[in-house]
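Please open the structure in your viewer and keep the selection tool at hand.

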Amino acid sequence: QPFAYVLALEDLAAEPDQLLSYFLWADYVGPDGQPRRTTGDMFFAEVRPFDEIFREDQDGASAAEAAGEQGASSPTEKLAELQKQIINATWNIQRREAGVKPSGQFKKDIGVVQESQEQALEQAEELKPRTEDPRTQALVEMVQKEMKKAVDQLSDATKKNSTGPLPPALSAEQSAYQALLKLQAREFRVSQNRSRGGGGGAGRAQRQIDQLELKQSEDRYETQR
């Protein structure tokens with residue numbers, strides 16, 4: 001039976017760079033007359049800021065460099081995508097293992113997720129030497145802290161062969177992902193002399209760049225007047 005529901009983010013006081021996760025569930029009565037619940041996949045809503053800033057690169061960056069900045073994913077973006085996959089994997093195992101006793105596949109699957117989270121933690125540790133300002137360093141430290149919590153909980157689940165540590169592991173994974181969202185750059189430098197054909201950037205970014213060029217044209221016109 002189809003249904004619709006509007007989730008008003010304003011009512012939740014959502015703020016830029018926050019992560020909102022949600023899932024659907026349905027209760028029904030099984031053949032044995034007992035109530036049962038089916039849970040769906042987890043979905044993510046990332047609250048993006050309206051004030052993304054695109055500035056002209058003042059250091060004379062080449063067109064190739066500008067195109068690379070627009071088209072390539074940053075290490076933070078790649079790490080955020082990996083962390084999202086880890087969250088989904090943990091969630092799917094948790095909802096699959098809804099019974100009293102974990103299945104024979106539980107330990108193996110949790111071990112794979114734990115290994116992925118450990119790899120993500122190693123990548124997070126590589127981010128810190130690249131950061132300079134205190135706010136960014138604090139975010140990197142938050143990512144590392146929450147990822148370490150997740151690793152510990154996943155390890156505990158494997159050792160105990162228990163689903164009990166999965167909810168706190170999932171919570172730590174989501175906290176790490178939210179911190180990664182805050183790490184992603186809002187300000188993009190573009191070169192005035194960049195090559196339009198080589199960028200491959202998103203449509204929204206291209207509109208921002210076009211607006212930047214329009215602003216530059218207006219400034220020159222005002223100067224001539």
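A salt bridge is a side-chain nitrogen of Lys or Arg within 4 Å of a carboxyl oxygen of Asp or Glu. The model on display is predicted, and the structure holds seven salt bridges. Side chains of opposite charge can pair when their charged atoms come close.

**First stop: the pair D156 and K160**

Select D156 and K160, which form a salt bridge whose closest N and O atoms are 3.2 Å apart. Both residues belong to helix α4, where a spacing of four residues places them about one turn of the helix apart. D156 has a relative accessible area of 26% and is partly exposed. K160, at 55% relative accessibility, counts as exposed because the limit for that class is over 50%.

**Second stop: the pair D152 and K148**

Remain in helix α4, which comprises residues 134-160, and select D152 together with K148. The closest N and O atoms of this salt bridge are 3.1 Å apart. D152 and K148 are separated by about one helical turn, because they are four residues apart in the helix.

Next, select D109 and R96, whose salt bridge has its closest N and O atoms 2.7 Å apart.

Finally, leave the charged pairs and select F3, Y5, L7, L9, L12, Y22, L24 and F43. Together these residues make a nonpolar surface patch of about 860 Å². Centre the view on F3, which is found in the segment before β1 (19-29). Is F3 buried or exposed? F3 is exposed, its relative accessible area being 64%.

Key:
Residues are numbered from 1 along each chain as its sequence is written. This is a predicted model: local features need pLDDT of at least 70, side-chain atom pairs count only at pLDDT 80 or more; totals for chains, interfaces and linings use all residues. Side-chain values use heavy atoms; hydrogens and water are left out. Patches are made of residues with over 30% relative accessible area and no salt bridge: like charges are joined within 9 Å, nonpolar side chains (Val, Leu, Ile, Met, Phe, Trp, Tyr) within 5 Å. Accessible areas come from the Shrake-Rupley method with a 1.4 Å probe; for residues, only the protein chains shown count as cover. Helices (H or I, at least four residues) and strands (E, at least two) are DSSP runs, numbered from the N terminus. Buried means under 20% relative accessible area, exposed over 50%, partly exposed in between (1.4 Å probe, protein chains only).
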